[in-house]
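Biologist: I have a model to go through with you. Take me through it by question and answer, please.

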Amino acid sequence: MKFSHVHSLKEIAAIIDCDYVGDDDFPVQGMNEIHVVTPGDIVFVDHPKYYDKALESAASIVLINKEVNCPEGKALLVSDDPFRDFNKLTRHFKPFQSLNASISDSAEIGEGSIIQPNAIIGNNVKIGKNCLIHANVTIGDNCVLGDNVIIHSGTVLGGDAFYYKKRPEGFDKLLSGGRVVVQDNVEIGTNNSIDRGVTGDTIIGEGSKLDNLIQIGHDTVIGKNCLLASQIGIAGCVVVEDDVTIWGQVGIRSDIRIATGTVLMAQCGVSKDTEPNTTYWGTPFGEVRSKLREYAAIRKLPEIVKNLK
């Protein structure tokens, strides 16, 4: 998330009422999670295990719960609760805006696009040319659609990220200020749920086609010309590269990369990165021919055991 203009370190510290290390006028351009930070961004960290990763990241400002040696060229925001204060910044720079109509006055809808009855188009949404948005679709604030996009009934773009911190009193939610970006020539089936990024973008790449009943988590990137069958669950921060085919009921854990040309057969449980142009099957998943040999060997075990007696 980039701010509308550059703020000073002192200004940001005043918003969250914390101490800081660095020049008063140190420039702050935005805020992001660690996997998408760029120079000028704030990143937060609240566990010593991840201090080095945050301090060595591309982020210029680290919101941290302990004063540590500040790397050259960076600044610190020292907070007793970085998670809470990251939420404060999200509320400040991306406050919730209620809707007064089904289609926000601030939405931009391109020439030739059709919005069917009962669709909800949020604040600052941008929809390209020749799109078809069917009845009962919800497109949340700040989402962006390219040209020739089709979205079928019941789909929600821009729900909040499923991201919580466990506290003694219960779960504390990390607020979502990011977007969903759908590129040109994408078709999304019925009753899909595509969550917005926490601070960045969840992206559906050009030419990709999604079946019904698919869940895509926050900050996940689906590449170009991918084909996704129904009942797929993809966690947050996954990268699916171009020309990937994912069949029904596949589950993909967070923070992994599905390489170009991968095929995931039905009901795969995907727990690590894949190799390009390779087909996988099973849970735990593996290269399809290896898995078939495993199952063939298992079928022979009763006979092998019988012969050993």
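Biologist: Is threonine 202 buried or exposed?

Modeller: This is a predicted model, where local features need pLDDT of at least 70, side-chain atom pairs count only at pLDDT 80 or more, and totals for chains, interfaces and linings use all residues. Residues are numbered from 1 along each chain as its sequence is written, and side-chain values use heavy atoms, with hydrogens and water left out. Buried means under 20% relative accessible area, exposed over 50%, partly exposed in between (1.4 Å probe, protein chains only). Threonine 202 has a relative accessible area of 0%, so the answer is buried.

Biologist: In which strand is threonine 202 found?

Modeller: Strands (E, at least two residues) and helices (H or I, at least four) are DSSP runs, numbered from the N terminus. Threonine 202 falls within residues 201-204, which is strand β21.

Biologist: Which residues have the most contacts inside the largest nonpolar core?

Modeller: A nonpolar core is a set of buried Ala, Val, Leu, Ile, Met, Phe, Trp, Tyr and Cys residues joined through side-chain atoms within 4.5 Å. The largest one has 41 residues. Those with the most contacts inside it are Ile139, Leu228, Ile246 and Ile252.

Biologist: How many residues are in the other core, apart from that one?

Modeller: Its members include Phe3, Met31, Phe44 and Phe86. The count for this other core is 23 residues.

Biologist: Which residue in β4 stands opposite methionine 31?

Modeller: Two strands pair if DSSP finds at least two bridges between them. Here 2 bridges join β3 to strand β4 (residues 41-45), and the two run parallel. Opposite methionine 31 stands isoleucine 42.

Biologist: How are α1 and α3 oriented to each other: roughly parallel or roughly perpendicular?

Modeller: Helix α1 (residues 9-16) and helix α3 (residues 82-93) pack at an angle of about 105 degrees, axes 9 Å apart. Axes are lines fitted to C-alpha atoms, for helices over the stretch in contact, and angles run from 0 to 180 degrees between N-to-C directions. Under 35 degrees counts as roughly parallel, over 145 as roughly antiparallel, 65 to 115 as roughly perpendicular and the rest as oblique. So α1 and α3 are roughly perpendicular.

Biologist: Which residues of α1 make the contact?

Modeller: Contact means heavy atoms within 4.5 Å. On the α3 side are Asp85, Lys88, Leu89, His92 and Phe93. On the α1 side are Ile12, Ile15 and Ile16.

Biologist: What separates the C-alpha atoms of phenylalanine 285 and lysine 272?

Modeller: Phenylalanine 285 sits in the loop between β33 (279-281) and β34 (286-287). Lysine 272 is 13 residues apart from phenylalanine 285 along the chain. The C-alpha separation is 9.1 Å.
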